[in-house]
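Please keep the sequence and the model in view while reading.

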Amino acid sequence: MTIQVPDALEKEHDETIRLIAAKLYEAGKLTLRQAAEMCGMKKWDFAEILIKYDVHYLDQSASEDLETFRHAHAG
């Protein structure tokens, strides 16, 4: 995939791609793996990028599993 960024952002090309990937992940358009690949990173390295942009990195299935675990161990 090739993304053209405006000349004004060319100096921050990698950062721009990371921001776009993080927001596409947040919107559910990309999986964590896909977003990481878009940035040329490993999933767990990309998770740090998500933290930087205040994007929660647990996907829906992980969030549901965590909620099930909480209910099973509550009280």
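Buried residues, meaning those under 20% relative accessible area with a 1.4 Å probe and protein chains only (exposed is over 50%, partly exposed in between), make up 24% of the 75 residues in the chain. The model is predicted: local features need pLDDT of at least 70 and side-chain atom pairs count only at pLDDT 80 or more, while totals for chains, interfaces and linings use all residues. Residues are numbered from 1 along each chain as its sequence is written, and side-chain values use heavy atoms, leaving out hydrogens and water.

**Overall architecture**

- The chain holds 4 helices and 0 strands; helices (H or I, at least four residues) and strands (E, at least two) are DSSP runs, numbered from the N terminus.
- Along the sequence, the pattern reads α-α-α-α.
- Of the contacts (heavy atoms within 4.5 Å) between residues at least 6 apart in sequence, 39% join residues at least 24 apart.

**Helix α1**

- Helix α1 covers residues 13-26, and its end C-alpha atoms are 20 Å apart, in agreement with the 20 Å that its 14 residues should span at 1.5 Å a residue; the expected span is 1.5 Å times one less than the number of residues.
- Thr-16, Ile-17, Ala-21, Ala-22 and Tyr-25 are the buried residues of α1, and they pack against α2 (32-38) and α3 (43-52).
- Thr-16 counts as buried because its relative accessible area is 12%; leaving aside residues up to four places away in sequence, Thr-16 touches Val-5 and Leu-9.
- After α1 comes Gly-28, which has a positive phi near 80°.

**Packing of α1 and α3**

- The axes of α1 and α3 lie 10 Å apart at an angle of about 85°, so α1 is roughly perpendicular to α3, a term for angles of 65 to 115 degrees.
- Glu-15, Arg-18, Ala-21, Ala-22 and Tyr-25 of α1 meet Phe-46, Ile-49, Leu-50 and Lys-52 of α3 in this contact.

**Nonpolar core**

- A nonpolar core is a set of buried Ala, Val, Leu, Ile, Met, Phe, Trp, Tyr and Cys residues joined through side-chain atoms within 4.5 Å.
- The largest has 15 residues, of which Ala-21, Ala-22, Tyr-25, Ala-35, Phe-46, Leu-50 and Val-55 touch the most other members.
- Helices α1, α2 and α3 each give two or more residues to this core.
- Leu-50 touches Ala-22, Tyr-25, Leu-32, Val-55 and Tyr-57, not counting residues up to four places away in sequence.

Notes
Axes are lines fitted to C-alpha atoms, for helices over the stretch in contact, and angles run from 0 to 180 degrees between N-to-C directions. Angles under 35 degrees count as roughly parallel, over 145 as roughly antiparallel, 65 to 115 as roughly perpendicular and the rest as oblique.
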